[in-house]
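I opened a new page for this model and wrote down what I looked up, one entry at a time.

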Amino acid sequence: QLKRFSNEMHISLIVNLHQVDVALKYSDRILGVNKGRIIFDGGPGELSPDRIAEIYGTESPVPRARYAS
């Protein structure tokens with residue numbers, strides 16, 4: 001509903017998510033931040049499991065099948 005609303009109103013939304021799978025599904029652009037430093041800035045299709053691990057400091061919480069090839 002938020003995406004439809006933003007499209008209808010021609011506005012941008014900034015949403016803080018820690019659910020990577022949700023961000024990959026609904027975002028046009030993702031910023032990944034670790035300790036105040038931007039680690040990633042790009043589209044969901046550009047976000048790799050290795051970059052997720054760098055952002056979270058651990059293994060990616062999203063199965064590899066969800067990422068673009």
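Before anything else I settled a term: helices and strands here are DSSP runs, a helix having at least four residues and a strand at least two, numbered from the N terminus. The model is predicted, and I kept that in mind throughout.

**Entry 1: overall layout.** I counted the elements and found 3 helices and 2 strands. Reading along the sequence, I wrote the pattern down as α-α-β-β-α. The protein has 69 residues, of which 29% count as buried. I then looked at contacts between residues at least 6 apart in sequence, and 18% of these join residues at least 24 apart.

Entry 2: I looked up His10 and found it in the loop between helix 1 and helix 2. Its phi is near 55°, which is a positive value in a residue other than glycine. Is His10 buried or exposed? His10 has a relative accessible area of 73%, so I noted it as exposed, the cut-off for that word being over 50%.

**Entry 3: the loop between the strands.** I turned to Lys35, which lies in the loop between strand 1 and strand 2. For Lys35 too I wrote down a positive phi, near 55°, in a residue other than glycine. Lys35 is exposed, because its relative accessible area is 84% and anything over 50% counts as such.

**Entry 4: Ser6.** I went back to helix 1, where Ser6 is found. The relative accessible area of Ser6 is 10%, so Ser6 is buried; the limit for that is under 20%. Which residues does Ser6 contact, leaving aside its neighbours within four places in sequence? I found Ile11 and Leu13.

**Entry 5: Ala23.** Next I picked Ala23, in helix 2. With 12% relative accessibility, Ala23 counts as buried. Leaving out residues up to four places away in sequence, I listed Leu17 and Ile30 as what Ala23 touches. I also checked the C-alpha atoms of Ala23 and Pro44: they are separated by 7.6 Å, and the two residues are 21 residues apart along the chain.

**Entry 6: Asn34.** I placed Asn34 in strand 1, which covers residues 30–34. Asn34 has a relative accessible area of 18% and is therefore buried, since the limit is under 20%. What does Asn34 touch, not counting residues up to four places away in sequence? I wrote down Ile39, Glu54, Ile55, Tyr56 and Gly57. For Glu54 I also noted a distance: its backbone oxygen lies 3.2 Å from a polar atom of the side chain of Asn34.

**Entry 7: Glu54.** I followed that pair to its other end, Glu54, which is found in helix 3. Glu54 is partly exposed, at a relative accessible area of 38%. With residues up to four places away in sequence not counted, I found Glu54 touching Asn34, Arg37 and Ile39. The C-alpha atoms of Glu54 and Phe40 are separated by 9.3 Å, with the residues 14 apart along the chain.

**Entry 8: helix 3.** I asked which residues of helix 3 (residues 49–56) are buried. They are Pro49, Ile52 and Ile55. These residues cover an arc of only 115° around the axis, so they sit on the same side of helix 3. I then looked up what covers the buried residues of helix 3, and it includes helix 2 (20–26), strand 1 and strand 2 (37–42). Just after helix 3 I came to Gly57, which takes a positive phi of about 70°.

**Entry 9: the largest pocket.** How much space lies in the largest pocket? I wrote down about 1100 Å³. It is lined by 28 residues, and the closest to its centre are Leu13, Val15, Leu17, Ser27 and Arg29. I sorted the lining residues by kind and got 17 nonpolar, 8 polar and 3 charged. Helix 1 (2–9), helix 2, strand 1 and helix 3 each supply at least two residues of the lining.

Notes. Residues numbered from 1 in each chain as written. Predicted model: local features only at pLDDT ≥ 70, side-chain atom pairs only at ≥ 80, totals over all residues. Heavy atoms only, no water. Buried < 20%, exposed > 50% of the residue type's maximum accessible area, 1.4 Å probe, protein only. Polar contact = N/O pair within 3.5 Å; in protein donor to acceptor, adjacent residues only side chain to side chain. Contact = heavy atoms within 4.5 Å. Arc of directions from axis to C-beta. 1 Å grid on protein atoms, 1.4 Å probe; cavity = no way out; pocket = protein on both sides within 12 Å on 5 of 7 lines; lining within 4 Å. Points joined across faces, edges and corners; volume = space filled by probe spheres on them. Nonpolar A, V, L, I, M, F, W, Y, C, P; charged D, E, K, R; others polar.
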